[in-house]
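Please take a moment to look over the sequence and the model before reading on.

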Amino acid sequence: MRFVFGAALALAAGGALAQTSAAPAPAAPASVASEPPALPQPLDCTFEKAFVCEAGKGCASVNALGELPLPSRMLVHFGKQILASTSKAGLPHISSIASVASAGDALVLQGVDGHTGWVMQASRSNPGVTFTVVDHDTVLTAFGACKPAP
């Protein structure tokens, strides 16, 4: 937070100095002024392969995404900022999306669920998707595909 505040002060000071300078400020590139692309419609993602890596044990293929047997499905709802799945008991499980970053075709989602962090990388034009969950000594990575949700 201190870094962000300091950077904001530096930008404000730089703007004030630029206003008092005799030379005109350079025009911003057209790409900076354009609107960011809209977030996609909800996605229905199915994960078919998963691997778990544990400290001191190495990595191995697994047949489940956590407690969900493969193939596992998730709904990604960008507007509501959630990942939704069904728990082993058949009840809904919702995880909040804390951030979404978009760079070109790539979409990177991040969040925290309980004591674990997760990241999902998807594409606007390619159905492939990866999902990784981490805690202090275990990493689970799953591979699958997404399609527009019905």
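Which residues have the most contacts inside the largest nonpolar core? Before the answer, a word on the model and its numbering is needed. The model is predicted, and local features are reported at pLDDT of at least 70, side-chain atom pairs count only at pLDDT 80 or more, and totals for chains, interfaces and linings use all residues. Residues are numbered from 1 along each chain as its sequence is written, and side-chain values use heavy atoms, with hydrogens and water left out.

The largest nonpolar core has 21 residues, and those with the most contacts inside it are Phe-47, Val-76, Leu-83, Leu-109, Met-120 and Phe-131. At least two residues of this core come from each of strand 1 (43–54), strand 5 (72–77), strand 9 (106–113), strand 10, strand 11 and strand 12, and strand 1 gives the largest share, five residues. A nonpolar core here is a set of buried Ala, Val, Leu, Ile, Met, Phe, Trp, Tyr and Cys residues joined through side-chain atoms within 4.5 Å, where buried means under 20% relative accessible area, exposed means over 50%, and partly exposed is in between (1.4 Å probe, protein chains only). In soluble globular proteins, nonpolar side chains tend to be buried together.

These strands belong to a protein with two helices and 12 strands. Read from the N terminus, the order of elements is α-α-β-β-β-β-β-β-β-β-β-β-β-β. Helices (H or I, at least four residues) and strands (E, at least two) are DSSP runs, numbered from the N terminus. Of the 150 residues in the protein, 23% are buried. The accessible surface comes to about 10,100 Å², and 63% of that surface belongs to carbon and sulfur atoms; such areas come from the Shrake-Rupley method with a 1.4 Å probe, and for residues only the protein chains shown count as cover.

One member of the core can now be followed in detail. Val-76 has its place in strand 5, and Val-76 counts as buried because its relative accessible area is 1%. Leaving aside neighbours within four places in sequence, Val-76 is in contact (heavy atoms within 4.5 Å) with Pro-42, Leu-43, Cys-45, Ile-82, Leu-83, Ile-97, Leu-109 and Met-120. Over the protein, residues 24 or more positions apart account for 37% of the contacts with a separation of 6 or more.

Is Ala-101, in contrast, buried, partly exposed or exposed? Ala-101 lies in strand 8 (residues 99–103), and Ala-101 counts as partly exposed because its relative accessibility is 43%. Not counting residues up to four places away in sequence, Ala-101 touches Ala-106, Leu-107 and Val-108.

Pro-71 is in the loop between strand 4 (68–69) and strand 5, and the peptide bond from Leu-70 to Pro-71 is cis, with omega near -5°. Gln-81 lies in the loop between strand 5 and strand 6, and Gln-81 has a positive phi of about 55° although it is not a glycine. With 42% relative accessibility, Gln-81 counts as partly exposed.

The last topic is empty space. Rolling a probe the size of a water molecule over the atoms shows where empty space is left. On a 1 Å grid over the protein atoms alone, a pocket is an open set of points where a 1.4 Å probe fits, with protein on both sides within 12 Å along at least five of seven lines, and lining residues have an atom within 4 Å of a point. The largest pocket holds about 420 Å³ of space, and among its 18 lining residues Leu-65, Ser-85, His-93, Asp-113 and Phe-131 lie nearest its centre. Strand 6 supplies the largest share of this lining, four residues. Ser-85 lies in strand 6 and is buried, with a relative accessible area of 16%. The second largest pocket holds about 160 Å³ of space, and among its 13 lining residues Pro-40, Leu-43, Ser-123, Arg-124 and Pro-148 lie nearest its centre.

Conventions
Grid points are joined across faces, edges and corners, and a volume is the space filled by probe spheres set on the points.
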